[in-house]
Amino acid sequence: MTLVMAHRGAAWDAPENTLAAFELAVAQGADYVEFDVRAAPDGTLVVSHEPVSGEPPPGTPTLDATLETLRGRVGLAAEAKEGAAMNGLLAALKAHGVAAEYVLVLSFRIRDLWHAQRTRPDLRYVLNLGRRPDPTAATRFWGVGFEDRTATPGRLALATSLGLATTVFTVNEPARMRELASLGVDGIFSDRPGLLRDVLETLAA
């Protein structure tokens, strides 16, 4: 089964990384809501893809507000964008009592994942790969994330042979959704979780 993973919420229809986008993703049937975590200058953890150099822009939710909104309703795929954010994310998940089976922790930063894994070995970790998509780098973790353009059948098969769950980001076209689902990927990140859900249900039928 391929999981529907809402990329920064239902970002096709609502501003990304906002509570409105997250609520819409839940309504559209997402299995997981993905969001980015950064530390603001005052140390507050906020949900933002871009670095926060001053006062966060209006509408930027805190991590605490995001966890309160989503916990127990949908899976959480949290991407820590920096080391300080990773430490705070792990602490916040514990403080909010988020069960480990509902959490994926994502990062492009392999050392941050190593550190987090030592701190919280009960969580599942996904190493996102960039321009050099070598899945062998992720063998210590639960899964691997491929950019859409690098998610070739050969690389996906290699990752699967290594025992890794496979995820692909960010996919918004139905034909590509169908192709990846037919290849057996474990999760697809999309700005259009409702469309992805419809595509997967059509394939299952």
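**Entry 1: helices α6 and α7**

I looked up how α6 passes α7 and found a right-handed crossing. A crossing is right-handed if the near helix is turned clockwise from the far one by less than a right angle, and left-handed if anticlockwise. The model is predicted, so I kept in mind that local features need pLDDT of at least 70 and side-chain atom pairs pLDDT 80 or more, while totals for chains, interfaces and linings use all residues. Residues are numbered from 1 along each chain as its sequence is written, and side-chain values use heavy atoms, with hydrogens and water left out.

I took helices as DSSP runs of H or I with at least four residues and strands as runs of E with at least two, numbered from the N terminus. Helix α6 covers residues 174-182 and helix α7 residues 193-204; they pack at about 50 degrees with axes 10 Å apart. That angle makes α6 oblique to α7. The classes are roughly parallel under 35 degrees, roughly antiparallel over 145, roughly perpendicular from 65 to 115, and oblique for the rest. Axes are lines fitted to C-alpha atoms, for helices over the stretch in contact, with angles from 0 to 180 degrees between N-to-C directions.

I then listed the contact residues (heavy atoms within 4.5 Å). From α6 they are P174, M177, R178 and A181, and from α7 L195, L196, V199, L200 and L203. By class I noted 8 nonpolar, no polar and 1 charged residues in the contact of α6 with α7. Nonpolar means Ala, Val, Leu, Ile, Met, Phe, Trp, Tyr, Cys and Pro; charged means Asp, Glu, Lys and Arg; the others, Gly among them, are polar.

**Entry 2: helices α3 and α4**

I checked α3 (residues 83-95) against α4 (residues 110-119): the axes come within 10 Å and cross at roughly 20 degrees. That makes α3 roughly parallel to α4. The contact uses G83, M86, N87 and L90 of α3 with D112, L113, H115, A116 and T119 of α4. I noted 4 nonpolar, 4 polar and 1 charged residues there.

Strands pair if DSSP finds at least two bridges between them. I found β7 (residues 143-147) parallel to β8 over 5 bridges, with V144 opposite T166 in β8. Strand β8 (residues 165-169) joins β9 by 2 bridges, also parallel, and T167 has G187 as its partner in β9. Strand β1 (residues 3-6) runs parallel to β9 with 4 bridges; V4 partners I188.

I checked burial last (buried is under 20% relative accessible area, exposed over 50%, partly exposed in between; 1.4 Å probe, protein chains only). In β8, 5 of its 5 residues are buried. In β9 (residues 187-190), G187 and F189 on one side and I188 and S190 on the other are all buried.
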